[in-house]
Amino acid sequence: MQHALRDHQSAATMDQLRALNARFIHNFVTCDVPSHDAILHPCFINIWPTGQRWDRATYLKYWATAFDPKVIVYWDVRDELITVIGDVALVRSTNKHTRRRDGNEVTGMTTYTDTYLFENGAWKCIQAQLTAVAPEHYPADDTIVSVYIEGKLQPRVS
């Protein structure tokens, strides 16, 4: 039996992966474990900027309480770059975040690469890797895709 060729370079596939990226972030900001669990591959692994690795179960337990809108008062997604090679997609973006603690605000950025595998008719995230970004490499504000303020998605401004 011959399998139909899939066009993973199509606009529809890119839209699907952009939507998965938006869902991934929204799941984080809303601590939505069931929705997040549904997009993860069974062999999922998370790699932190320190090099620490977490398996799927540890990661999802963390996910349940990781975002506190009273602490993370600003969160955006910027500089989105998606590359598809065969049945693998690299979804990369940078998050700018402002954390408020003890009356002080600290802003930083983290770049992530989420690796998706197209399997059984669906894209599933098999690995998420985070990298701290030095200020001299911060992507510009004109690359912002979405913004959350105190955990609420802000309307897009044209």
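Q: By class, which residues make up the lining of the largest pocket?
A: The lining has 16 nonpolar, six polar and two charged residues. Here Ala, Val, Leu, Ile, Met, Phe, Trp, Tyr, Cys and Pro count as nonpolar, Asp, Glu, Lys and Arg as charged, and the others, Gly among them, as polar. This is a predicted model: local features need pLDDT of at least 70, side-chain atom pairs count only at pLDDT 80 or more, and totals for chains, interfaces and linings use all residues. Residues are numbered from 1 along each chain as its sequence is written, and side-chain values use heavy atoms, with hydrogens and water left out.

Q: How much space lies in the largest pocket, and which residues lie nearest its centre?
A: Rolling a probe the size of a water molecule over the atoms shows where empty space is left. A pocket is an open set of points on a 1 Å grid over the protein atoms alone, where a 1.4 Å probe fits, with protein on both sides within 12 Å along at least five of seven lines; lining residues have an atom within 4 Å of a point. The volume, the space filled by probe spheres set on the points, is about 420 Å³. Of the 24 lining residues, Trp48, Tyr62, Trp75, Thr110 and Leu130 lie nearest the centre.

Q: Which residues of helix H3 are buried?
A: Buried means under 20% relative accessible area, exposed over 50%, partly exposed in between (1.4 Å probe, protein chains only). Helices (H or I, at least four residues) and strands (E, at least two) are DSSP runs, numbered from the N terminus. In H3 (residues 56–63), Tyr59, Leu60 and Trp63 are buried. Seen down the axis of H3, they fall within an arc of 95°, so they line one face of the helix; the arc is that of the directions from the helix axis to the C-beta atoms. On the other side of H3, Ala57 and Lys61 are exposed.

Q: What caps the N-terminal end of H3?
A: Asp55 does, with a side-chain oxygen 3.3 Å from the backbone nitrogen of Ala57.

Q: Which residues have a positive phi?
A: Most residues other than glycine have a negative phi. Asp79, in strand E3, has a phi near 55°, a positive value. Asp79 is partly exposed, at 39% relative accessible area. Glu150 also has a positive phi, near 50°. Glu150 sits in the loop between strand E7 (144–149) and strand E8 (152–153).

Q: Is Thr98 buried or exposed?
A: Thr98, in strand E4, counts as buried at 8% relative accessibility.

Methods: A polar contact is a pair of N or O atoms within 3.5 Å; within protein, one must be able to donate a hydrogen and the other to accept it, and residues adjacent in sequence count only if both atoms are side-chain atoms.
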